[in-house]
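Have the model open while you read.

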Amino acid sequence: MTPILLLGGTTEASALAKTLAGAAIDAVFSYAGRTAKPVSQPLPTRVGGFGGVEGLAEYLKTESITHVVDATHPFAAQMSTNAVHACEAAGVPLCAFERPAWQAGEGDQWVHADSIEGAVNALPEAPARVFLAIGKQNLAQFAAKPQHHYLLRLVDAPKADLPLPRTTVEIARGPFDVAGDTALMQRHGITHVVAKNAGGIGAAAKLTAARELSLPVIMIGRPEVPERPVLGSVAEVMAWLSHTAD
């Protein structure tokens with residue numbers, strides 16, 4: 001049942017890493033390398049890309065990887081797609097460990113968008129103060145509406161000029177709580193929230209805060225990735241690893 005490649009970067013990946021280490025299972029944890037100081041893991045860790053599908057397939061063969069668990073962010077579509085194709089090429093079983101998407105509840109004012117571009121289009125034309133809670137990868141598209149003031153919450157301070165003319169940056173690492181996110185939005189006079197439907201509890205506080213403040217949330221739906229087994233708990237992943245090994 002070894003060795004296992006765990007594609008990480010989420011709280012789910014960290015929970016699985018702890019269980020694998022506790023069971024003395026040979027595994028390696030892989031970070032994409034998008035944050036300067038990623039959370040330390042109880043497993044041997046590598047940081048950086050693999051070089052596309054061919055590079056990942058070669059890594060799986062060279063390192064004699066027997067299983068791959070994709071516990072990357074639900075919006076890491078390129079990595080997840082590469083993992084599916086690389087595992088097919090190398091003949092290695094793959095499963096995804098993925099948290100359920102958020103669902104709108106009573107009192108939520110969600111506007112659904114199927115892409116970043118859709119979220120940009122959903123913003124008003126009149127100047128607004130937008131909590132752009134989407135990380136740092138897709139900021140440039142919002143320059144199409146430079147009249148807004150954008151609040152960004154990032155894990156690391158930007159190393160280069162941001163592509164948005166009016167921004168405020170808060171440096172913080174989750175999980176966050178409702179009281180803190182409510183205070184954040186009030187302090188910055190936020191009128192709109194833009195979020196990716198990542199799911200999970202670590203970043204859900206902003207949605208509750210938006211509901212309590214009666215703010216509209218532009219919710220970006222998850223990107224499509226090729227079909228693969230999707231599991232929702234550490235126990236399910238451990239059972240899958242045992243089953244496929246047998």
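Start with an open sheet of six strands, ordered S6-S11-S10-S7-S8-S9 and paired in parallel. Its edges are strand S6 (110-113) and strand S9 (167-171), each with a single partner strand, so one side of each has no neighbour in the sheet. Direction ignored, neighbouring strands here are turned by 20° against each other on average.

A few ground rules before going further. This is a predicted model, so local features need pLDDT of at least 70 and side-chain atom pairs count only at pLDDT 80 or more, while totals for chains, interfaces and linings use all residues. Residues are numbered from 1 along each chain as its sequence is written, and side-chain values use heavy atoms, with hydrogens and water left out. Helices (H or I, at least four residues) and strands (E, at least two) are DSSP runs numbered from the N terminus, and two strands pair if DSSP finds at least two bridges between them.

S1 pairs in parallel with strand S2 (residues 27-31) over four bridges, and isoleucine 4 sits opposite alanine 27 in S2. S1 also pairs in parallel with S4, again over four bridges, where isoleucine 4 has histidine 67 as its bridge partner.

Which residues cover the two sides of S1? Ile4 and Leu6 lie on one side and Leu5 and Leu7 on the other, all buried (under 20% relative accessible area; exposed is over 50%, partly exposed in between, with a 1.4 Å probe and protein chains only). The chain crosses from S1 through H1 to S2 as a right-handed β-α-β crossover (with the strands pointing away from the viewer, the path from the first strand over the helix to the second runs clockwise).

Contact means heavy atoms within 4.5 Å; axes are lines fitted to C-alpha atoms, for helices over the stretch in contact, and angles run from 0 to 180 degrees between N-to-C directions.

H3 (residues 77-90) is worth a check: at 1.5 Å a residue its 14 residues should span 20 Å, and its end C-alpha atoms are 20 Å apart, which agrees (the expected span is 1.5 Å times one less than the number of residues). Among its buried residues are Ala77, Asn82 and Cys87. Just after H3, glycine 91 takes a positive phi of about 70°.

The largest nonpolar core has 20 residues, of which Leu6, Leu16, Leu20, Val69, Val237 and Leu241 touch the most other members (a core is a set of buried Ala, Val, Leu, Ile, Met, Phe, Trp, Tyr and Cys residues joined through side-chain atoms within 4.5 Å). S1, H1, S2, S5 and helix H7 (234-245) each give two or more residues to this core. A second, separate core of 19 residues includes Phe75 and Leu132.
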